[in-house]
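Trainee: I'm new to this structure and would like a close look at a single part of it. Please start with one pair of side chains, and then show me what else there is to see.

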Amino acid sequence: MSETDDKHAVPDMPDTTGTITMEVARFRPDRESEPSWDSYDVPLRKEWAVLDGLNHIKDQLDGTLSYRWSCRMGICGSCGMTVNGEPKLTCSTFLTDYAPGPVRVEPLANFPVIRDLVVDIEDFMAKLPTVKPWLVSGDEEPAEDSEYRQTPAEMDDYRRYSMCINCMLCYSACPVYALDPDFIGPAAIALAQRYNLDSRDEGNEDRRDVLASAEGVWACTFVGECSVACPKDVDPAGAIQRYKLTAATQAVKDLLLPRGAR
Amino acid sequence: MAAWHNVVIIGGGGAGLRAAIAIAEANPKLNVAIVSKVYPMRSHTVSAEGGAAAVAGRDDADDSFDEHAYDTVSGSDWLCDQDAVEAFVVEARRELLQLEHWGCPWSRRPDGRIAVRAFGGMKKKRTWFAADKTGFHLLHTLFQTALSYSDIVRYDEWFVTKLLVHDGRVRGVVAVELATGATETIVADAVIVCTGGCGRVFPFTTNANIKTGDGMALAYQAGAPLKDMEFVQYHPTGLPFTGILITEAARAEGGWLLNKDGYRYLQDYDLGSPTDQPTMRSMELGPRDRLSQAFVHEMEKGRTIEHEAGHVVHLDLRHLGKELIDSRLPFVRELCASYQNIDPVSELVPVRPVVHYMMGGIHTDINGATPLTGLYAAGEVACVSINGANRLGSNSLPELLVFGARAGKAAAEFVSDVPGAATGPVLAQGRDEERRLHRELAGRHGSGGERLADIRTEMQDAMEAGAGIYRDEASLIKAIDKVAELKERFARAAIDDTSRTFNTELIAMLELSGMLDVAECIVASALRREESRGAHQRTDFPGRNDEKYLAHSLIRRTPAGESRVDYLPVTITRWPPGERVYGR
Ligand SMILES: Cc1cc2nc3c(=O)[nH]c(=O)nc-3n(C[C@H](O)[C@H](O)[C@H](O)COP(=O)(O)OP(=O)(O)OC[C@H]3O[C@@H](n4cnc5c(N)ncnc54)[C@H](O)[C@@H]3O)c2cc1C
Ligand code: SF4
Ligand code: FES
């Protein structure tokens, strides 16, 4: 790389402490039968995220590398990849944490690869609407000109589950999803619970069939890897456990009580 | 191949989703599609932090629509249209309540009612918030609600490259599917552009990678005028290396801006005097244009702090305490820790002005209609204008709801009335565009041309140098010349990637092509406005000149491919132009 290239890549950033090698998985399923590895040396700067390293490669070394990113502040959920074996948001995972390297970047596990580091998440996008992740209003809808009352304590019941950015790290970490692609999966269940536990929502019944099915919470063997992987502290494993309890209680009620009295 | 819909919405951010729901509600029989270059929930609305403004409610008798309108009008330096603002303030409240009914987790008071916080340039507390992830919650609420309207068709990760215009009417778009590289002509009776802003035209911005002004360029190329493009908002508090935003809510909750002597320097810039508790429309709660300008003066006086990434001042949140920071500003703390390696609970946060928001955009009327029949626009890409020369923080989220809904309704009405027309010529145009895209992909490879990134970086640097917080004739002419040179060089730029599958280099090339047009519109409009107003500060014309420039600029492309600037008077209903007074 020429000196001028370097100048453009990193304006105003004098803080180089050498370079680090990034080993990046490359794969074009339309042309190749299996992934290969390319290795690039990128500047090691203390404020650079793994994503900055990828951008350096893309802009200055190899324009053919494909990956997704947008917000670069850990909120849009685009940039999930496997970094040294773990699912991570690459915009908030820093190169210096992997020094002296190499840093291995692969696509998220458990998803079909479209190209290089880009995975196909259509499976999740199709499952999401099945859990009805929207507010199902009941009889007590407030007047048009006022709000539902909801105390901070009531909000705390579901707040955590409302923080999901759909980044797919939990699916990538989930051993159940790896074996059973029909499993609705951690984030979709957490989002269903986000509404189930919202004091304004009346949709519990509507979501029950899907959540309490064999592909719903009961598929989960409580490994808990999803909550470890989650960058937003959503605790999908907790959401699943909690729903198992709800579903079990409901099942007992169903046995004991005649229809209509439930 | 060709698809057809009654209405095609370009963009699945806040504005696009709101428009789609409005159409589905107005007329469920209409066939609506959202085409978006990212999955809707990845749209940039997701990054908005601080909040959304609207008069809070019946028992907050000390606020009124008129006061929200006045703050907006004076904040805009009188360049907004007051009829639009009057409609906006009323409907903003309705929209935020509607969002509450859809499940948005607005932060609450202890008794369960919606909580509001202070914001810059607002005289009353009226900014609704969901902690400091307001845009995230707003976008996900809209996206999830839109899922319940199963008839809304989505083209996720499709990139629109052209608006198809025939017989003076917009008739559809051409788009590329990222996953496959397939191109498709999508015919429509109406198109709504909701593609967001263009911060990436500048080097240092809070904006996400996708904010490349595509919709502005699409409309401009199709012959629709862009309005007030010279007005680019710098937010006073971005983190130095990344440009990541530290929300104004940090100051609304009581944060201070300090220079290198630990002095609250805003008191030297006609913004009031320091008080312990925040005072509305004063000091740190002044408007963004004035605060960013004050930074430049502090720097010239040698009173800023030299940081590895340039000059900064300090945002001091230490006196707010951990508890308040964790409950009201948790994301600020998270961002400072991740990207700056500091804890605002105990440390000063280095910040500097950063390009944040585009006041200008596609010229629309109060219903989101552009002068080009069948073309509508809403959200940051549009210019109605309620923002004029300077947007107030927290007015953009309600704007995209209000005008997203209005544009949706207007388009729904239009397509219900409009006679059908022959699609033959539209399809032929579509095929031409599809052929052009294939040529671009094949022809740019290995031509030994320049790298896209180098042209992009030079454009960004030229914009910052020529059309930054302060501009003058010489700096703008230099920028114009540079952009012209870069356009020529761009024609010869090369790409490495010829694959059709998820070719992000091709997308970056198409984005850069549009950004060069947007950059040209910004500098050309700025050069013509020989006055200083709001975010447009000309050192060679330091005063506001209402006689000549109480008017919107309209820039359009002539058939010869050049740009032409005209002016359109602003609409004044109840608030005649006056002095902008803050802190006194
Ligand atoms: C960091 C940050 C914080 C902010 N905080 C606040 C705040 O607290 N309060 C406030 O009021 N405002 C805030 N703003 C401003 C506000 O968030 C934005 O103005 C607003 O979200 C823009 O929304 P939008 O719907 O117009 O566009 P976006 O949300 O940007 O959506 C644009 C959509 O268009 C699509 N698109 C673009 N180009 C194409 C193309 N060529 N083909 C297909 N699809 C395309 C994208 O995929 C995307 O779906 C903030 C802005 C930033 C940057
Ligand atoms: S639950 Fe966590 S890991 Fe899973 S998608 Fe949501 S944010 Fe990502
Ligand atoms: S780029 Fe948005 S989460 Fe990383």
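Mentor: Let's start with Asp63(B) and Arg126(B), whose side chains form a salt bridge with an N to O distance of 2.9 Å. Here a salt bridge means that a side-chain nitrogen of Lys or Arg lies within 4 Å of a carboxyl oxygen of Asp or Glu. Because Asp63(B) sits in the loop between strand S3 (52–53) and helix H2 (65–75) of chain B, while Arg126(B) sits in the loop between strand S4 (116–117) and strand S5 (127–128) of that chain, the pair ties together parts that are 63 residues apart in sequence. Helices (H or I, at least four residues) and strands (E, at least two) are DSSP runs, numbered from the N terminus.

A word on the ground rules: this is a predicted model, in which local features need pLDDT of at least 70 and side-chain atom pairs count only at pLDDT 80 or more, whereas totals for chains, interfaces and linings use all residues. Residues are numbered from 1 along each chain as its sequence is written, chains are lettered from A and ligands numbered from 1 in the order in which they are written, and side-chain values use heavy atoms, with hydrogens and water left out.

The strands around our pair belong together. S3, S5 and S4 of chain B form an open, antiparallel sheet in the order S3-S5-S4. S3 and S4 of chain B are at its edges with a single partner strand each, so each has one side without a neighbour in the sheet. Two strands count as paired if DSSP finds at least two bridges between them, and S3(B) and S5(B) are joined by two, in the antiparallel sense. One to look for on screen has Ala53(B) with Thr127(B) in S5(B) as its bridge partner.

Asp77(B) is not a glycine, yet its phi is positive, near 55°. Most residues other than glycine have a negative phi, and most peptide bonds are trans. Two cis peptide bonds can be visited too: one runs from Ala99(A) to Pro100(A), with omega near 0°, and another joins Val384(B) and Ser385(B), with omega about 15°. Ser385(B) lies in the loop between S18 and helix H10 (396–417) of chain B.

That brings us to another sheet, an open one of five strands with mixed pairing and the order S18-S16-S10-S21-S22 (chain B). Its edge strands, S18 (382–383) and S22 (563–569) of chain B, each pair on one side only. S18(B) runs parallel to strand S16 (residues 361–363) of chain B, and two bridges link them; in one, Ile362(B) has Ala382(B) in S18(B) as its partner. Helix H14 (residues 504–528) of chain B packs on this sheet, touching strand S10 (226–227), strand S21 (551–557) and S22 of chain B, and its direction makes about 55° with that of S22(B). Axes are lines fitted to C-alpha atoms, for helices over the stretch in contact, with angles from 0 to 180 degrees between N-to-C directions.

Now step back to the pair of chains. The contact (heavy atoms within 4.5 Å) takes 72 residues from chain A and 71 residues from chain B. The buried area is about 5,800 Å², with 52% from carbon and sulfur atoms; such area is the accessible area (1.4 Å probe) that two parts lose on being put together, summed over both. Across this interface the rule finds seven salt bridges, and one of the salt bridges in the model joins Glu334(B) and Lys232(A) at 2.8 Å, N to O.
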